[in-house]
Amino acid sequence: MAKIQLRISDLRKKKQMKQIELAASLGVSVQTVSKWENEICMPDISLLPDIAAFFQVSVDELLGLKPLPGEEYIPVKSGEKGYWDSRLAYLKASRKSFWNEDYLQFLVEKVWKIEKPVEILDCGCGFGYMGKILLPFLPEGSSYTGIDFSRNMIDEGERLFRELGYPGSFICDDFRTYQFKKQYDLVISQAAMRHATKPQEFLRKMVSLARSGGMVVAVDINREFESDGFYVDGLDYQALCARNGMRKMWKKELACEDRDYAIGIRLPIMMQEEGLVSVDVRMNDKVSFVSPQRAGYEENVSSFLEEKQWKEAISVEEEEGIILGFLNHGMDRKEAESYCRKERMVQSFVSKNKENLTYLQCRGLLISYGWKK
């Protein structure tokens, strides 16, 4: 059963009514309205249709089982400054499962056939991970520039490149609005457009910053692939793949803020629309298979828990905040609570079995690329 979250207080305030005015309209005492709003007691079941009719909502909406009609959409803001400042640990943990570096070498040498030094621009670079793994496979003399609006990410990128002795520079600014003074041979982004609003505009600026004959590469995901590419031995695979209202949320995010859950699969078409030629797509071959019999087990499990944010259980209040966020983004309460139950179940299983855990994670990253005329 979905939890009841009575919305009488929210509906009353939207109507700019006082409790005493609502009580008079419904024929109850002001103390009764106060008890409803403070969750001391619930309205009699026979009153629910009348209360819902008064506010012109359904009973499910009144009970918080579905979002209220016309409720203001609250953007995720993952494409805005400040969002990533506290997420460095997550980003570093998640990137460990992104690439087999021999496949990246194969792309550079056999597919893209980069034989001369190149100047790279990494758009939404985070802590410079893409530069860290890409530079060793590029011709000597190649250089790297990363841009990101998170100060913490940029500081870590600068520290990392100093430690490795890599030729690189970092810009702490918003890629969308920063005025670049030059163009680059290779303009790349990784898992940036999945978080960006208006990704076509993001791509258009990438193309504008490539030199004539230069290359544009965008590495990103399709959330459907990602949802299906996760398995933990001992758990039901179908339950792990269950979307639990996610498709409704993705659809609403796309409609309300042009945040595209399927950006990875759309990028090649967008690249052609932006005038790139010889556009093609590869799928990243990385599959993380972790078990106690494999090297690096403890480090991999620790990174996995950090990425999933499963190191600590969340409180009831925190979970309710997550549920309300899901409701605002198109789920109903039953779907949102089902999603949270699934997350709790997986987190509990993983935490209890972290000394003897076997899992696979396949992100299905799509690598789209093309050349500027």
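Mentor: Contact means heavy atoms within 4.5 Å. This is a predicted model: local features need pLDDT of at least 70, side-chain atom pairs count only at pLDDT 80 or more, and totals for chains, interfaces and linings use all residues. Residues are numbered from 1 along each chain as its sequence is written, and side-chain values use heavy atoms, with hydrogens and water left out.

Trainee: Which helix holds Glu-253?

Mentor: Helices are DSSP runs (H or I, at least four residues), as are strands (E, at least two), numbered from the N terminus. Glu-253 falls within residues 246–257, which is helix H13.

Trainee: Is Glu-253 buried or exposed?

Mentor: Buried means under 20% relative accessible area, exposed over 50%, partly exposed in between (1.4 Å probe, protein chains only). Glu-253 has a relative accessible area of 5%, so Glu-253 is buried.

Trainee: Which residues does Glu-253 touch?

Mentor: Leave out residues up to four places away in sequence. Glu-253 then touches Tyr-73, Val-76, Asp-258, Arg-259 and His-329.

Trainee: How many disulfides does the structure hold?

Mentor: A disulfide is a pair of cysteine sulfur atoms within 2.5 Å. For Cys-362, the nearest cysteine sulfur, that of Cys-241, is 12 Å away. The number of disulfides in the structure is zero.
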